[in-house]
Amino acid sequence: MRRGLGDVFRGIPKLHSLNLSGCFNMSDAGINSALSQPFSSLTQLNLSYCKHITDASLGKIAQSLKNLETLDLGGCTNVTNSGLHVIAWGLKSLKRLDVKSCWHVSDQGIGYLAGINSDAGGNLALEHLGLQDVQRLTDEGLRSISLGLATSLKSINLSFCVQITDNGMKHIAKITSLRELDLRNCDISESAMANLAEGGSRITSLDVSFCDKVGDQALQHISQGLFNLKSLGLSACPISDEGIDKIAKTQQDLETLLIGQCSRLTDKSILTIVESMPRLRSIDLYGCTKISKCSLEKILKLPLISLNLGLWQER
């Protein structure tokens, strides 16, 4: 940018949305200079991968952008729990926050957002929380979320959060407003699915792709308790035709099914899907090499709008 960020704000005083993603030269000094006065019109700010941004910038943002509803800090690796504390204190209108790969963030910072054990009050209007690859997040952070955001949070991304466990899903199940749950590449098992199902979770979208401990028994739990699913991601999970048969009995409203790289699935699964899931609109069969041309002809009878057949070979 030849001109400074301050020129942008002064030149467009009614600016509603600003995307600075990947502006590697953006610094705390630039943010401080630009936000010399409050800007009430800005509601969306993307600072993802602005590597030099620290908690100091978040303090200035919390002071000057009081009406901010969306804030993306993904990849801002200098952001810490202290930064989340000032967000919890100043951004009360925040509905969407992404702290993907903010590796200094831990359960303490998540507690600030949820208004737990802090005078900051929390961001209790939060509806979407992106915590992908937040390496220090544990089940205790999930407990804080379930206590403070149980009636507001609609979606949460926990993919690649390596420290959360099956027990953490007991807390997730208590978030009554939650509809979308991303658990890709987490170290969870069938017990996690049991905890969600038995806890009465009302999620409509669940993705457990690349969870190598989620197999047929996990699908049994899903079939017995998660009755509102519209989208289910199982890519690369060690499931078989038996597992597909289990979910087919109760998941007849599924619209999206991701079973790519589930190499054990055969034509039997395809027949079950065709017969039991009439509302399916999107299916991923990437790498399902045991599916025959005859089965594909059957699945094409569904009203699909998306079909992935990557790596499929006629046999």
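Biologist: What does Asp-7 form a salt bridge with?
Modeller: With Arg-10; in this predicted model the closest N and O atoms of Asp-7 and Arg-10 are 3.1 Å apart.

Biologist: Where do Asp-7 and Arg-10 lie?
Modeller: Both are in helix α1, residues 5-11, with a spacing of 3 residues, about one turn of the helix. An α-helix has 3.6 residues a turn, so residues three or four places apart point the same way.

Biologist: Is Arg-10 buried or exposed?
Modeller: Exposed, at a relative accessible area of 54%. Asp-7 counts as partly exposed, at 30%.

Biologist: Which residue does Arg-143 pair with?
Modeller: Glu-140, with 2.9 Å between the closest N and O atoms of that salt bridge. They sit 3 residues apart in helix α6, about one helical turn. Arg-143 is partly exposed at 30%, and Glu-140 is partly exposed at 39%.

Biologist: Which residues of α6 are buried, then?
Modeller: Asp-139, Gly-141, Leu-142, Ser-144, Ile-145 and Ser-146. Their cover includes α5, β5, β6 and α7.

Biologist: What about Arg-279, which residue is its salt-bridge partner?
Modeller: Asp-253, the closest N and O atoms being 3.0 Å apart. That pair links distant parts of the chain, 26 residues apart: Arg-279 is in the loop between α11 and β11, Asp-253 in the loop between α10 and β10.

Biologist: How many salt bridges does the structure hold?
Modeller: 8. The chain has 32 positive and 31 negative side chains, and the centres of the two sets lie 5 Å apart.

Biologist: Switching topic: what share of the chain is buried?
Modeller: 54% of the 315 residues.

How values were computed
Residues numbered from 1 in each chain as written. Predicted model: local features only at pLDDT ≥ 70, side-chain atom pairs only at ≥ 80, totals over all residues. Heavy atoms only, no water. Buried < 20%, exposed > 50% of the residue type's maximum accessible area, 1.4 Å probe, protein only. Helix = DSSP H or I, 4+ residues; strand = E, 2+ residues; numbered from the N terminus. Contact = heavy atoms within 4.5 Å. Lys, Arg positive; Asp, Glu negative; His and termini not counted. Charge placed at Lys NZ, Arg CZ, Asp CG, Glu CD. Salt bridge = Lys/Arg side-chain N within 4 Å of Asp/Glu carboxyl O.
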